[in-house]
Amino acid sequence: MTERIYYTEPACRTFEATVTDVTEHEGAPAVVLDRTAFYPTSGGQPFDTGRLGTADVINAIDEGERVLHVVRTPLSVGDAVHGVIDWPRRVDHMQQHTGQHILSAAFDRLLDNRTMSFHMGGESSTIDLAREVSPGDVERCVDEANQVVWEDRPVTIRFASPEEASRLPLRKEPVREGPLRLIEVTDFDLSACGGTHVERTGEIGLIGVTGAEKFRGGARVSFVCGGRAVRTLRMYRDAVAGSVRALSVLPLELPAAIERVQAESKQARKTIARLQSELAVHEAAGLIAASPEVEGVRRAVHVLDGWDSSGLKSIASSMLGQGRIAIVLVGTAAPLAVVVARSAGVAVDASAVLQQLLQRFGGRGGGKPDLAQGAGLIGDPLEIVAAARELVRA
Ligand SMILES: [Zn+2]
């Protein structure tokens with residue numbers, strides 16, 4: 001049985017202990033101690049890292065009776081070790097976890113909306129609420145939670161038997177049997193929890209909600225506390241600064257400016273498509289005039305500058321209406337596009353010609369005997385055209 005120092009002394013960063021068992025976890029050495037301040041993953045809070053003597057602790061696992069410490073270098077039974085917790089990581093976890101208790105209590109007290117589960121991620125954390133929540137209600141609860149943070153209330157630990165606990169106003173019914181560890185945020189929240197918490201709410205600094213969305217009949221609320229809130233603010237600042245520079249607008253004007261740019265770009269794409277199809281008719285006429293006729297079939301094999309694959313296809317289709325013809329059109333813009341086509345009754349298999357070009361120049365594509373398209377070819381367009389001429393005997 002491992003004595004869990006963090007149960008009663010969550011602020012303990014270093015400790016002395018003795019190795020009582022050595023084993024393996026997923027191929028890495030692992031040790032059990034008589035006592036530990038390392039928090040193992042449980043209740044939504046991730047494990048602590050740190051050192052045992054000179055061995056790095058890279059994971060801590062809750063095995064019920066004991067805590068398994070996964071280490072980089074092996075230790076032996078009987079070794080006396082000096083344990084050191086990676087404190088910045090633990091402080092971050094405590095800020096998020098106590099912040100979660102307070103935020104959950106605010107949703108509970110103001111909206112009677114219960115927290116069904118909690119997950120602490122590497123960047124942000126989430127709580128899943130039983131019911132949906134409006135943006136205005138989220139803001140009210142965040143304000144209430146931050147008020148509790150700024151009042152710097154004590155956060156205390158106490159233990160209670162199930163009978164005592166049943167008479168206490170716990171935020172949710174405990175799932176464990178036996179004696180319960182209770183975390184109390186003075187005059188605000190009382191919850192059964194095995195996690196590590198700050199000693200005063202002021203240590204959380206700030207609780208910020210970064211999103212709320214419908215989730216499984218309820219809502220999923222994402223939040224950041226303490227140092228994460230500062231990092232998130234920095235990230236948003238940089239993203240907003242970059243965007244306002246690019247669009248030359250004020251931060252609050254960004255959504256409307258982005259919508260305007262999107263609408264303009266959609267309109268421009270439409271205009272380009274219309275102009276391309278008009279231009280394709282003229283381009284087609286010129287290309288036909290410049291294509292030799294061999295054995296009663298015009299062989300139109302050309303490199304076309306500045307046309308994308310849909311433009312090449314438009315040109316090919318307007319050429320197809322002009323008598324017996326075999327067509328290979330190669331674009332010049334990367335990734336290189338190719339269109340192969342032939343009119344009815346011409347003995348050229350467009351799909352086979354394309355496959356041979358793809359074999360030689362790479363890229364992907366496919367089609368039918370009368371029309372095939374490829375893209376992503378690598379090579380000099382003139383070389384591709386030379387190879388295509390041989391294939392359609394132009
Ligand atoms: Zn908790």
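Two strands are taken as paired if DSSP finds at least two bridges between them. On this basis, the predicted model contains an open sheet of 3 strands. Their order is β11-β12-β13, and the pairing is antiparallel. The edges are formed by β11 (155–160) and β13 (189–192), each of which pairs on one side only. From one strand to the next, the twist averages 25°.

Strand β12 spans residues 180–185. Its antiparallel pairing with β11 runs over 6 bridges. Within this pairing, Val155 stands opposite Val185 of β12.

Helix α2, residues 87–111, lies across β11, β12 and β13. The helix runs at about 120° to β13.

Distant parts of the chain are linked by the pair His101 and Cys193, which are 92 residues apart. His101 belongs to helix α2. Cys193 sits in the loop between β13 and β14 (207–215).

Both residues of this pair were examined for burial, with under 20% relative accessible area as the cut-off. His101 has a relative accessible area of 3% and is therefore buried. Cys193, at 13% relative accessibility, also counts as buried.

Terms used. Residues are numbered from 1 along each chain as its sequence is written. This is a predicted model: local features need pLDDT of at least 70, side-chain atom pairs count only at pLDDT 80 or more; totals for chains, interfaces and linings use all residues. Side-chain values use heavy atoms; hydrogens and water are left out. Helices (H or I, at least four residues) and strands (E, at least two) are DSSP runs, numbered from the N terminus. Axes are lines fitted to C-alpha atoms, for helices over the stretch in contact, and angles run from 0 to 180 degrees between N-to-C directions. Contact means heavy atoms within 4.5 Å. Buried means under 20% relative accessible area, exposed over 50%, partly exposed in between (1.4 Å probe, protein chains only).
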